[in-house]
Amino acid sequence: MDFNMKKLASDAGIFFTRAVQFTEEKFGQAEKTELDAHFESLLARADSTKNWTEKILRQTEVLLQPNPSARVEEFLYEKLDRKVPSRVTNGELLAQYMAEAASELGPTTPYGKTLIKVAEAEKRLGAAERDFIHTASINFLTPLRNFLEGDWKTISKERRLLQNRRLDLDASKARLKKAKAAEAKATTVPDFQETRPRNYILSASASALWNDEVDKAEQELRVAQTEFDRQAEVTRLLLEGISSTHVNHLRCLHEFVESQTTYYAQCYRHMLDLQKQLGRFPGTFVGTAESTSPPLSSTSPTTAAATMPMGPSVADLAPPGEAALCLEEVAPPASGTRKARVLYDYEAADSSELALLADELITVYSLPGMDPDWLIGERGNKKGKVPVTYLELLS
């Protein structure tokens, strides 16, 4: 019990000394040991890594699970070391509703058959999403979370310990400085004509006491300096380990990109299969003149042209066994030409198509055997195929 009380009193004294030193530093009444520039840069890099890792982790969680209530539930399960229950994805839920709707509205009707086909595709999309979430959580979120909950906590603990060692060191320096000043004042030789011998004896005794105090303060300073240097080296090694953390996070980021690429590639394949089942093909979407949003292929014409099948060319429109006609040789019909207003900008995929600018007026007409989703457009002396979904036909 005595030992515990002594230790408690000692800890209280150390805490009080640190608090006094910290307060005096804040008010500019005490000197502070500054760390070297390289050490400060390591601290700044570590803080930046921690802050951005937190932001990336939180936003990735939002990307994988947009529902905040579901994220809170998963967080509680993880804290309780319990397995997170399997959750139905939005795509799978939509597939379930479509299948039930088809069953009730008539699975043999055109609408019911289409609902069943789309439901199967949505179910596959939901399964792909589930795999992506699982893979991204293991390969990307888990390493980021381990850094914040493991390495960073260790770094923070050692930084706090370094701060305490620095306060002890500066307090020891201040104590030594005060002891030397008192010793210098006590060693001043008194004037024997004005001072009695008794005062001289007291002055000599005080000088000896301050000499002992200076020796004690110097010893404490050496111990504090040693502990500070040792702790600074430990903290420095941990901070330099942030470079290894960056390398690990870089590898995890590559794995995240790979899993995301696989996920979107699967989604594209599933939707392409669905389009084929429905008898539609990329580049032949049907729209109306009142449509307010551009077709999917308009978002990236160059990419779409490189990765998706395009509509039939003029050569494809020619009847079998006949040579393809050049657009320059095609004459507009005597009747049947109409004016059309362009709804969106369109970049021609090849020389057989006509590039369009939004809100311009062009002349359009159709040729026998042409795909109904395409027309021949003329602007001045230029002529080429244009997609119907980009046009508003005028009377």
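Arginine 130 is partly exposed, with a relative accessibility of 29% (buried means under 20% relative accessible area, exposed over 50%, partly exposed in between, with a 1.4 Å probe and protein chains only). The model is predicted, with local features requiring pLDDT of at least 70 and side-chain atom pairs counted only at pLDDT 80 or more, while totals for chains, interfaces and linings use all residues. Residues are numbered from 1 along each chain as its sequence is written, and side-chain values use heavy atoms, leaving out hydrogens and water.

Arginine 130 forms a salt bridge with glutamate 92, at 2.4 Å from N to O (a salt bridge is a side-chain nitrogen of Lys or Arg within 4 Å of a carboxyl oxygen of Asp or Glu). Glutamate 92 lies in helix H4 and arginine 130 in helix H5, so the pair ties together parts that are 38 residues apart in sequence (helices are DSSP runs of H or I with at least four residues, numbered from the N terminus). Glutamate 92 is buried, at 16% relative accessibility.

Across the whole structure, 14 salt bridges are found. In one of them, the closest N and O atoms of glutamate 61 and arginine 145 are 2.9 Å apart. Because glutamate 61 belongs to helix H2 (residues 37–64) and arginine 145 to helix H5 (residues 110–186), this pair ties together parts 84 residues apart in sequence. Glutamate 61 is buried at 19% relative accessibility, and arginine 145 is buried at 18%.

Within helix H5, aspartate 170 and arginine 166 are four residues apart, about one turn of the helix. Their side chains meet in a salt bridge of 2.5 Å, N to O, and both residues are buried. Elsewhere, salt bridges with shared partners join Arg58, Glu61 and Arg145 into one network.

Note on methods
Helix = DSSP H or I, 4+ residues; strand = E, 2+ residues; numbered from the N terminus.
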